[in-house]
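This report describes selected features of a predicted model. It is written for a reader who is new to it.

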Amino acid sequence: ELGFGGWIYTYALETGTANAITAGYMTSLFWGSLTLGRLLSIPLAGRLQPRTMLTIDLVGLVFFLLLLLGWADVPGVVWIVAAGYGLSMASVFPTLMTLASVTMPITGRVTSAFMVGSSLGSMTIPWLMGQTFELSGPQSIVLLLLVATLAAAAVFGAFVLAARRQEVPVASRSAG
């Protein structure tokens, strides 16, 4: 969230797909889409399993990053990616918390571990994006986000496999 939201403005300016005013609107579109996605995810959480929601979110994130990699110089694509990435990112953290709560007891220690991990990611990813942006240019931040998203998908996949091995029916549990 913070990585994309913090860098989409600079990305749009540096790639020449937007001027300062338009890049600001693009940033607002991302944050607005994220907010709308959070609102839409509330009723969806009652209908979809957490595993299904996270899978859809991760596929969406990868799709929009690949779209940006392939057509970075097309202004309309950058707008679509800003909106789609916000919608796809919206329910990731809340759904992770829901998935964790149906597979393990959520104690204060577990919750604090989630918060520390989240805070470290919120601090590290934007910083890494800035470093790679300075060294390699705007497309490097898209690649960094793609690598981080694929790593998250791999961890999610390993979690689901581990839960199945322990006979925790992740797919059949209620979303909460």
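How many residues does helix 6 have, and what distance does helix 6 reach from its first C-alpha to its last? Helix 6 runs over residues 108–136, which makes 29 residues. The distance from its first C-alpha to its last is 41 Å, close to the 42 Å expected at 1.5 Å a residue.

Four residues of helix 6 can be named as buried: Pro-126, Met-129, Gly-130 and Phe-133. An α-helix has 3.6 residues a turn, so residues three or four places apart point the same way. The cover over the buried residues of helix 6 includes helix 1 (2–15) and helix 7 (139–165). Just after helix 6 comes Gly-137, which takes a positive phi of about 100 degrees.

**Salt bridge**

One salt bridge is present in the structure. Its partners are Glu-1 and Arg-38, whose closest N and O atoms are 2.4 Å apart. The pair links distant parts of the chain, with Glu-1 in the segment before helix 1 and Arg-38 in helix 2 (residues 20–47), 37 residues apart. Arg-38, at 30% relative accessibility, counts as partly exposed. Side chains of opposite charge can pair when their charged atoms come close.

The largest pocket has a volume of about 1100 Å³. Its lining is made up of 33 residues, and the closest to the pocket centre are Val-92, Phe-93, Leu-96, Ser-118 and Ala-152. At least two lining residues come from each of helix 1, helix 3 (50–70), helix 4 (75–89), helix 5 (92–103), helix 6 and helix 7.

The second largest pocket has a volume of about 150 Å³. Among the residues that line the second largest pocket are Gly-37, Leu-40, Met-53, Asp-57 and Ser-91. Helix 2, helix 3 and helix 4 are the elements that give two or more residues to this lining. Helix 2 gives the most, with four residues.

The table sets out the residue classes in the two linings.

| Pocket | Nonpolar residues | Polar residues | Charged residues |
|---|---|---|---|
| Second largest pocket | seven nonpolar | four polar | one charged |

Conventions: Residues are numbered from 1 along each chain as its sequence is written. This is a predicted model: local features need pLDDT of at least 70, side-chain atom pairs count only at pLDDT 80 or more; totals for chains, interfaces and linings use all residues. Side-chain values use heavy atoms; hydrogens and water are left out. The expected span of a helix is 1.5 Å times one less than its number of residues. Buried means under 20% relative accessible area, exposed over 50%, partly exposed in between (1.4 Å probe, protein chains only). Contact means heavy atoms within 4.5 Å. A salt bridge is a side-chain nitrogen of Lys or Arg within 4 Å of a carboxyl oxygen of Asp or Glu. On a 1 Å grid over the protein atoms alone, a cavity is a set of points where a 1.4 Å probe fits but cannot get out, and a pocket is an open set with protein on both sides within 12 Å along at least five of seven lines; lining residues have an atom within 4 Å of a point. Grid points are joined across faces, edges and corners, and a volume is the space filled by probe spheres set on the points. Ala, Val, Leu, Ile, Met, Phe, Trp, Tyr, Cys and Pro count as nonpolar, Asp, Glu, Lys and Arg as charged, and the others, Gly among them, as polar.
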